[in-house]
Amino acid sequence: MVKTTIPEEEFTYPGSTGCPGCGANLVMRYLLKGLGGRTVVSIPACCWAVMPGYWPSNCLKVPLLYTAFEATGAAISGLRAAFDVKGVEDVTIVGFAGDGGTVDIGLQAMSGAAERRTDAIYVMYDNEAYMNTGIQRSGSTPYGAWTTTTPVGPKHEFKKEPKKDIMAIMEAHGIPYAATVSVAHPEDFVKKAAKAKKIKGFRFIHALSPCPPGWRMNPTQTIEVARLAVETHYFPLYEIEEGKLRITRKGKGTPVSEFLKLQGRFSHLTEAEVDSIQKTIDEAWKRLLDREGPEA
Ligand SMILES: Cc1ncc(C[n+]2csc(CCOP(=O)(O)OP(=O)(O)O)c2C)c(N)n1
Ligand code: SF4
Ligand SMILES: [Mg+2]
């Protein structure tokens, strides 16, 4: 039997209403394994707002507070205040939102919660578009991607603007902990969640979350695509603790074309456009290595 550091206990039941191969399913599963059962989750409008199932069914074993699309930062602030009034200190408060609900419509509420040093963990599962409402572009959709609002055709072209750097935005708030995680690296994921749990204040976790219908990919390749995102440096794994950045998996630097070619949302790209994506990734990776400095 393979030895693993991942706790056996599950805090989700099998049978969410997510699509086959949904990366977001695993994001919730690994997150809760890292945090344990004394956790309360608040979820705004997004795929995960419907994935727990229809009442009275629910695939989550922890309490869940639904909130409005833009309000996750406010909801977790209220939850924290309520537990504080009751003198309950051992419950971890989690905001769990999509990329649209985080980098776009929920940015203001999240920024306020971070600035107030709210004692909570904010998790953004990033499927790089507004998936629940039909694959519209978000501020987290990468350059080059097809979405239904950045269609490919004679009159319209794919998304031309780069993805918002939400990790940099959150670091600029001076928060004590921010980390990127991948469903292809569950041990690293669970360790980071468990570490975030022990830290006081506002903590941020950015999880890349492959979405087979939105990324136009085979649902059996979710882990392969997530793995290639790390290996190509498209989505590097790192953490920033009290301002110190540490890369937790270096990745081989596989050409980004290997990641892009598994997804129909990038199938229209020319060789020159793929080269320009590669160049942007190489520059960002170099900046990350420089920022990390020599390994201890
Ligand atoms: C104020 C408001 N505007 C729009 C909507 C419609 N809406 C519900 S979910 C959603 C998309 C959410 O996208 P994201 O946060 O990326 O999560 P995903 O669906 O991709 O999981 C939208 C636009 C809403 N519920 N409330
Ligand atoms: S649309 Fe994408 S994120 Fe939403 S449930 Fe399906 S696979 Fe998951
Ligand atoms: Mg999304």
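Predicted model: local features only at pLDDT ≥ 70, side-chain atom pairs only at ≥ 80, totals over all residues.
Reader: To begin with the helices, at what angle do α3 and α5 pack?
Author: Helix α3 (residues 72–86) meets helix α5 (residues 107–115) at about 35 degrees, and their axes are 6 Å apart.

Reader: Which residues make the contact?
Author: On α3 they are T72, G73, A74, I76 and S77, while α5 contributes A109, M110, G112 and A113.

Reader: And how does that contact divide by class?
Author: Five of the residues are nonpolar and four are polar, with no charged residues.

Reader: Turning to α7, how far does it reach?
Author: Helix α7 (residues 186–198) has 13 residues and spans 19 Å from its first C-alpha to its last, close to the expected 18 Å.

Reader: Which of its residues are buried?
Author: The buried residues of α7 are D188, F189, V190, K192, A193 and A196.

Reader: What covers them?
Author: The cover includes helix α1 (23–35) and the strands β4 (120–126), β5 (177–182), β6 (202–208), β7 (237–241) and β8 (244–249).

Reader: Now the ligands. Which residues come nearest to ligand 1?
Author: Of the 16 residues around ligand 1, those are C46, C47, G98, G100 and N132. β3 (92–98) and α4 (100–104) each supply at least two residues of this shell.

Reader: What is its make-up by class?
Author: The shell around ligand 1 has seven nonpolar, seven polar and two charged residues.

Reader: Which element gives the largest share of the shell around ligand 2?
Author: That is helix α8 (residues 212–215), with three residues. The residues around ligand 2 also include C19, C22, C47 and N132. By class, eight residues of the ligand 2 shell are nonpolar and four polar, and none is charged.

How values were computed: Residues numbered from 1 in each chain as written. Chains lettered and ligands numbered in written order. Axes fitted to C-alpha atoms, helices over the stretch in contact; angles between N-to-C directions. Helix = DSSP H or I, 4+ residues; strand = E, 2+ residues; numbered from the N terminus. Contact = placed C-beta atoms within 7 Å. Nonpolar A, V, L, I, M, F, W, Y, C, P; charged D, E, K, R; others polar. Near = placed C-beta within 6 Å. Expected span 1.5 Å × (residues − 1). Buried ≥ 20, exposed ≤ 12 C-beta atoms within 10 Å, placed from the backbone.
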